[in-house]
Amino acid sequence: MRPLCLFAICLCRLIPLAAFVTPRGATNRQSAFQRLYSSLSAATADESCDYLVLGSGPAARAMASLLSTTTNVILADANSDRDWAPNYGVWEDEWEAVAKKYQAAGVIFEGGKEGNAIDHQWNITDCFFGGSFDIPNEQKLRVDRPYLRVDKNALKNSLTTGGYHILQANHISKAIGVNMYSPAGSLVNDEEGTIITLESKEKATTTIRCKNVIDCTGHETSLILREAREAHRPPGFQIAYGVLVDVEEDLSMPSPTQIGPYDKQAMTLFDYRTDHYAGDVNEKKLIKDPTFMYVMPLGENRVFFEETSLVARPALSFQECKDRCFQRLDHLGIKVTNVYEEEFCYIPMGGALPVKDQRVIAVGGSASVVHPSTGYNLCRTLMAAADVALALQANAENVDRAAAAAYHAVWSPDNVRQRNFAVFGGEFLMKQNVVGLRGFFDGFFRLPMEMWGGFLAGWPGLPNNDKHETWLARIVFGVTFLTKLPPTVALDMVASILTYSLTEGTVLLQSVTPFFGEPTSFEYKRNNDRIGDVAAKEEARQMLTESKVEDIIPVAFDEQPRLPVERMIDSSLDETVTNIKVVQDVSA
């Protein structure tokens, strides 16, 4: 341990010994101890910044880019030089809304074959739900809504052009309580911000001093605690095996624009058919634990195929998805000639939200922003990051208020209500076999596009979210949706609503009615209990000062604290006029 650090710890442990009385006549000037503490805090940090962003995926780089336009930002991730692995698919109108918001903030999406960090565009989207409810196997449900493939390298470059510094190191901390971390001293909060220790792959440590830490390390982060006291179910998991390939030109096809049953000019969002397993010993498992094929034709004979388990608990195995992918391709007569990439997609969906009053700010998967029913994440995360950046900039003077405002920007009571509605949707989808899913999605895409598009977006600022952002809009959606479903699926949904409401409390009813109160807010609340009756204490202080028989002013009536010990934990004391703990001015 550094001698200076040891000296600081020893001094800090002396605080309680001096924290009982203040002699009459003590001044209000900054104490020597306070000045010494501030200098020690600065001396023990290797680097300093306004915001430390942990992670280097889309959420992290979005936060760093947005904040670095006006503040000093460090992005820390030992693997920051790695390429992004996922293939991101987005609806065109949603991406345009995101790009517009970022452009207004001074962050421009550039590059990609189509510009705007887009690699490919399809003007139509196809789905296959044949095999149930008298839907022919070859029948195609076509959606006239353009779909895009994001150029992940172009997006990463667009979000790396800001003025932030990249440090190749990870944090070493684990949250063991609200604002408490292990190992001791690895992450410490005080009134001015946070000191955190990072470690490189070579085990070299760096200590960072910042106002706020922003955690973008994903859903299973060790820095963010999740709410355990409110009713919730554990997350489900979307598992997918994807492969970027070249396929052999099939001259027997009736049209050169086809790859098997898939149109080269269309994005295939869902293929839930199971005829490739007909008579197979694994057919029952496929029906019980369904997967669908997702197809992105990329020009010539290059295609991205992905076999996906939409949401399950426990998760379906990756090997199962890979086996089903190639068995489906073989059944469809699609011959792979070259494999360029393999993708293993693991997305936790649903689960609990972060605990309130945490100083470390969660963004993206860390904040459970992933759509609980569909797994859509990128546009939601980028919109949420932009809102968090605005909240931080508006509350920069108080680190606790800034953290609370950031969480509120993501999970306002209205957003939580909307999320709870989608969480129920995820739970319903998890219990469906392939027949139920075919009926569900066939009915879903027969809704007006604004309705189903708004559900898939499910985030403020994205197109068509107005069709879902109020309880009335959600109840209209739900009732309309029931009329589009096959009777057996509709009855199952009604029964599931009743069962879910009985077992999970009022969260679903709260999302579709004006009753049952509202979710607890993440907004900043000053703890007035620690202030007490200021007028009464001021009166007592004055009378004690004038007393001819009393020489000591009790700490509860002291005029002003000398060292804001409790402000290290709750900077709400910035606004108080008294404190129950004070330290004698060592310079007096």
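Mentor: The axes of helix H11 (residues 434–444) and H13 come within 8 Å and cross at roughly 115 degrees. This is a predicted model, in which local features need pLDDT of at least 70, side-chain atom pairs count only at pLDDT 80 or more, and totals for chains, interfaces and linings use all residues. Residues are numbered from 1 along each chain as its sequence is written, and side-chain values use heavy atoms, with hydrogens and water left out.

Trainee: Is the crossing of H11 and H13 left-handed or right-handed?

Mentor: H11 passes H13 in a right-handed crossing. Phe440, Gly443 and Phe444 of H11 make the contact with Phe477, Phe481 and Lys484 of H13. By class, 4 residues there are nonpolar, 1 is polar and 1 is charged.

Trainee: Why do those words apply?

Mentor: A crossing is right-handed if the near helix is turned clockwise from the far one by less than a right angle, and left-handed if anticlockwise. Contact means heavy atoms within 4.5 Å. Ala, Val, Leu, Ile, Met, Phe, Trp, Tyr, Cys and Pro count as nonpolar, Asp, Glu, Lys and Arg as charged, and the others, Gly among them, as polar.

Trainee: How do H3 and H8 cross?

Mentor: The axes of helix H3 (residues 58–67) and helix H8 (residues 378–394) come within 9 Å, at roughly 35 degrees. This crossing is right-handed. The residues in contact include Ala59, Ala62 and Leu66 of H3, and Leu382, Ala385 and Ala389 of H8. The contact of H3 with H8 has 13 nonpolar, 2 polar and no charged residues.

Trainee: Which peptide bonds are called cis, and what are their omega values?

Mentor: One runs from serine 182 to proline 183, with omega near -5 degrees. Another runs from arginine 313 to proline 314, with omega near 5 degrees. Proline 183 lies in the loop between strand E13 (180–182) and strand E14 (187–190). Proline 314 lies in the loop between strand E23 (302–312) and helix H7 (318–331).

Trainee: Is the phi of asparagine 179 positive or negative?

Mentor: Asparagine 179 has a positive phi, about 60 degrees, although it is not a glycine. Its place is the loop between strand E12 (174–177) and E13.

Terms used: Axes fitted to C-alpha atoms, helices over the stretch in contact; angles between N-to-C directions. Helix = DSSP H or I, 4+ residues; strand = E, 2+ residues; numbered from the N terminus.
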